[in-house]
Amino acid sequence: MTDDVHAVARKLEAILLIVEEPQSLVALATAVGEPVPAVRQAIEGLVADYDGETGGPRRGFELREVGGGWRLYVREDFDDLVGEFVNTQAPSRLSQAALETLAVIAYKQPVSRSQVAAVRAVNVDSVVRTLLGRGLVTEIGHDAETGAILYGTTDALLVNLGINSLDELPPISPLLDDVDAVGADGIDERGAR
């Protein structure tokens with residue numbers, strides 16, 4: 001690479017380190033204030049450099065074109081390593097929606113997504129996927145009548161809460177505004193026990 005291409009490549013690296021979504025050549029050119037052909041040449045040079053084709057080592061990351069844009073990714077060889085590392089770090093906090101969904105699953109399990117959605121009065125598909133991904137809930141069977149997947153909590157939830165069993169979850173009834181709203185099954189209209 002020439003000095004001019006190196007300068008463009010350094011600018012691109014700075015941008016590519018912070019982007020969360022793939023960026024088109026035009027977007028990258030605009031970001032670094034360089035013409036598209038110069039950005040294309042610098043991108044090609046970075047790809048070759050990261051792949052170890054220019055005499056240096058093959059890097060643990062790569063520059064990939066995905067969906068019409070460019071972004072840095074961990075090499076597939078290191079997916080397990082990075083996944084394990086991320087899982088050992090302090091977990092990020094759950095959103096209010098995730099906490100509410102997790103509470104419904106914990107208190108009503110086994111429960112289907114549609115049952116959780118009925119309690120929360122919102123679509124919970126993405127929140128349940130997040131909870132599955134974090135290992136806090138798991139699929140524990142299928143509803144005999146509807147075939148819907150049933151969800152329950154995992155031991156990871158117990159560990160995070162510092163309890164040994166779900167029996168140690170606090171009773172919800174004393175926290176409700178109107179204890180009379182609880183039905184014979186112990187579940188109120190919000191799905192709490």
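Analyst: **Starting from one residue**

Thr154 is buried, because its relative accessible area is 17% (buried means under 20%, exposed over 50%, and partly exposed in between, using a 1.4 Å probe and protein chains only). Before we go on, please note that this is a predicted model, with local features described only at pLDDT of at least 70 and side-chain atom pairs only at pLDDT 80 or more, while totals for chains, interfaces and linings use all residues. Residues are numbered from 1 along each chain as its sequence is written, and side-chain values use heavy atoms, leaving out hydrogens and water.

Where does Thr154 lie? Thr154 is in the loop between β5 (149-153) and α8 (helices are DSSP runs of H or I with at least four residues, strands are runs of E with at least two, and numbering starts at the N terminus). Not counting residues up to four places away in sequence, Thr154 touches Gly135, Leu136, Val137 and Thr138 (contact means heavy atoms within 4.5 Å).

Helix α8 covers residues 155-161, and Leu169 sits in the segment after α8. Leu169 is buried too, at a relative accessible area of 16%. Beyond four places in sequence, Leu169 touches Ala106, Tyr107, Leu161 and Ile163. Take Ala106 from that list: Ala106 and Leu169 are 63 residues apart in sequence, while their C-alpha atoms are 8.7 Å apart in space.

Pro110 lies in the loop between α5 (96-108) and β3 (111-112), and the bond from Gln109 to Pro110 is cis, with omega near -5 degrees. Most residues other than glycine have a negative phi, and most peptide bonds are trans. Ala121 is in the loop between α6 and α7 (125-133) and is exposed, with a relative accessible area of 67%.

Arg120 belongs to helix α6 (residues 113-120). Leaving aside neighbours within four places, Arg120 is in contact with Ala97, Glu100, Thr101 and Val104. The side chains of Arg120 and Thr101 are also joined by a polar contact of 3.0 Å (a pair of N or O atoms within 3.5 Å; within protein, one must be able to donate a hydrogen and the other to accept it, and residues adjacent in sequence count only if both atoms are side-chain atoms).

Now let's turn to some charged pairs. The model has eight salt bridges (a side-chain nitrogen of Lys or Arg within 4 Å of a carboxyl oxygen of Asp or Glu). One of them pairs Arg59 with Asp49, with the closest N and O atoms 3.5 Å apart. Arg59 lies in the loop between α3 (36-50) and β1 and Asp49 in helix α3, so the pair ties together parts ten residues apart in sequence. Arg59 is partly exposed at 28% relative accessibility, whereas Asp49 is buried at 18%.

Arg58 forms a salt bridge with Asp77, and here the closest N and O atoms are 3.3 Å apart. This pair links distant parts of the chain, 19 residues apart: Arg58 is in the loop between α3 and β1, and Asp77 is in the loop between β2 (69-74) and α4. Arg58 is exposed at 52%, and Asp77 is exposed at 55%. Another bridge joins the side chains of Glu62 and Arg64 at 3.2 Å, N to O. Salt bridges that share partners connect Asp51, Glu62, Arg64 and Arg75 into one network.

Beyond four places in sequence, Phe61 contacts Tyr50, Leu72, Tyr73, Val74 and Arg75. Phe61 is partly exposed, with a relative accessible area of 32%.

Finally, zoom out to the whole protein. The secondary structure comes to eight helices and five strands. Of the 193 residues, 31% count as buried. The average pLDDT is 86, and 87% of the residues score at least 70 (pLDDT is the predictor's confidence in each residue, from 0 to 100). Over residues 178-193, pLDDT stays under 50.
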